[in-house]
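Here are my notes on the model, point by point. Please read them with the structure open.

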Amino acid sequence: MTGASSLLEVADLTKRWPGAGAPAVDAVSFAIGAGERVALVGASGSGKTTLARLVLRLLEPDRGTIRFSGRDFLALRGEALRRTRAELQLVFQDPLAALDPRRRIGAQLADPLRAHGLVPRAERPAAVGALLARVGLDPALAGRFPHELSGGQRQRVAIARALASRPRLLVLDEPVAQLDVSVKAQILALLDRLHREEKLAWLWITHDLGSARIASERILVMDAGRIVEEGPTAEVLARPRAAATRALLAAELRLPPSDRVDQPLTAPSVSPRTM
Amino acid sequence: MSLVPLLELSGLSVRFPAEPRPVRALDGVELELLPSERLVLVGESGSGKSTLLWKIAGLLPEEAEVTGSCRFPALGRAPVPGRDVGLVLQDPFTSLNPVLSVGEQIGEVLVTHRSASWSAARQAAVVLLRRVGIPEPERRVDDPPHRFSGGQRQRIAIAIAIAAGPRLLLADEPTSGLDTVVQAQILDLLDGLVREQGAALLLVTHDLAVASRIADRIAVLYAGTLVECGPAVRILSDPRHPYSSALVAIARALEAGRIDALATVRASPGEPEAAARGCPFAPRCAFAFARCRVERPAWSGDRRAGVACHLAVP
């Protein structure tokens, strides 16, 4: 997945925290193609969040290179950096932490439209409404504050905010980990639709193999700062080679096997007597 | 196993005063738990699962309006919180006292409820720390909570909850902040401890996969109403309420990596007034029909198994 088609190309990326023995991220190289969905999985402390922060340039690496859309991301300054940042957006685990509690949703969605000079002032309310509609929310929610929304609605707003600057790559850090199961299913379905409609690529960071299965074609497994296994998600999870991958699979909580797995959901037809 | 239930909830309803109208957190819950049985309450935000747990733990705020009953027949008296009933919360970062050593926090339970001396309590704390899997407990017993990892802190919270040898262990989302590997270890630890002690376990989670690891029986709550209850194996293989079916379908879709199988529950929970008369799940139910919107389905079953759905009534 390297070469001309790569959207993001990371090589030899290394970060050691002051005083720490082993690097938190140790000579990591990988690439993400345009429109490609990649999952980054690993246990707590494996270095996946540090790697994400390096990729977003929220943290400067000790060594290594990051190329985004063919440009040397680490060398970019000023206007060029700002334009590239617009194409590379982040969605956090906790949307409350990403949204300003004192400002209405509409104003917060208008920020990136203004900052990146994407939409003239007069057209911003309509553009905000369109953004909300794109993530399956009622445009009337623009007048609400974050605390008036449910957790699932807030995560949709956070996704809308990330989409506002028309990114080509999203970095999603455990975007569904705090959500209820039925809400999680809806957010996964929403992101899947956005990927298909907008050729959106992403790096999806999680310790949950269930969402990795749904949300990625390719998977990177991290352990002790290194990528220890990489390949097509279905293949890696069916035939894991690295000990870290096997440990994640062994710890995954699964329902007992059922012969009904492939049946579509049907109306329950039961009699209480058989209970 | 005694057939006298350890815990028996009958017509249990809880309301909280609020403007413009009281919030109905629980509505007519019928449930029982036998000694050494493991029951998992499955529900999402606002389902009332934490309210139910707090009621059983005796921790509901005074303004809560409670009707119906919550009894402990096998105990024959009101339980003493911390002694007869232990509680493990979701977040060990906030449930542990940051300025006391873990040994003092475990020891306090034994001094309070088992009349132990502080020196005996410290020795017992070392044994308990070992039992919950903290390495080198003799060396760690005087450390404060921040010297431990998130998973270890949850183990310490469990040690505190089991210290007095409770008959019932309550656990509110005990693994949701933890990563996958630690999550499985903590569930197995809880499972092992209640087996060893012959205690009953009531665990609350939004995750059916968590329930499947540990439950003898599963009870599914939606919007304060018990919608289905029964043996875990049966609920997971043959759910009868459309909401339980949807939860099972989502869990299986995640396991199989099938995005097409995810869209099983409608997005909007709907306005509360709309569901006030009918089935609370009707606004999101793919199978709702006219009757579901005007008539609340009755609980069909007993305190061990049943379902509340018009489609599940003959």
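1. Leu9(B) has Leu31(B), in β2(B), as its bridge partner. The two strands involved, β1 (residues 7–16) of chain B and β2(B), pair in the antiparallel sense over seven bridges. Strands pair if DSSP finds at least two bridges between them. Strands here are DSSP E runs of at least two residues, and helices are H or I runs of at least four, numbered from the N terminus.

2. A caution on the source: this is a predicted model, where local features need pLDDT of at least 70, side-chain atom pairs count only at pLDDT 80 or more, and totals for chains, interfaces and linings use all residues. Residues are numbered from 1 along each chain as its sequence is written, while chains are lettered from A and ligands numbered from 1 in the order written.

3. The chain B sheet is open, with three strands in the order β2-β1-β4 and antiparallel pairing. β2 (23–33) and β4 (65–71) of chain B are the edges; each has a single partner strand, so one side of each lacks a neighbour in the sheet.

4. Which residues of helix α1 (residues 49–57) of chain B are buried? They are Lys49(B), Thr51(B), Leu52(B), Leu53(B), Lys55(B) and Ile56(B). Buried means 20 or more other C-beta atoms within 10 Å of the residue's own, with C-beta atoms placed from the backbone. Gly58(B) follows α1(B), and its phi is positive, near 75 degrees.

5. Now the interface. In chain A, 37 residues are in contact with 48 residues of chain B; contact means C-beta atoms, placed from the backbone, within 7 Å. α7(A) gives the largest share of chain A's side, seven residues.

Terms used
Contact = placed C-beta atoms within 7 Å. Buried ≥ 20, exposed ≤ 12 C-beta atoms within 10 Å, placed from the backbone.
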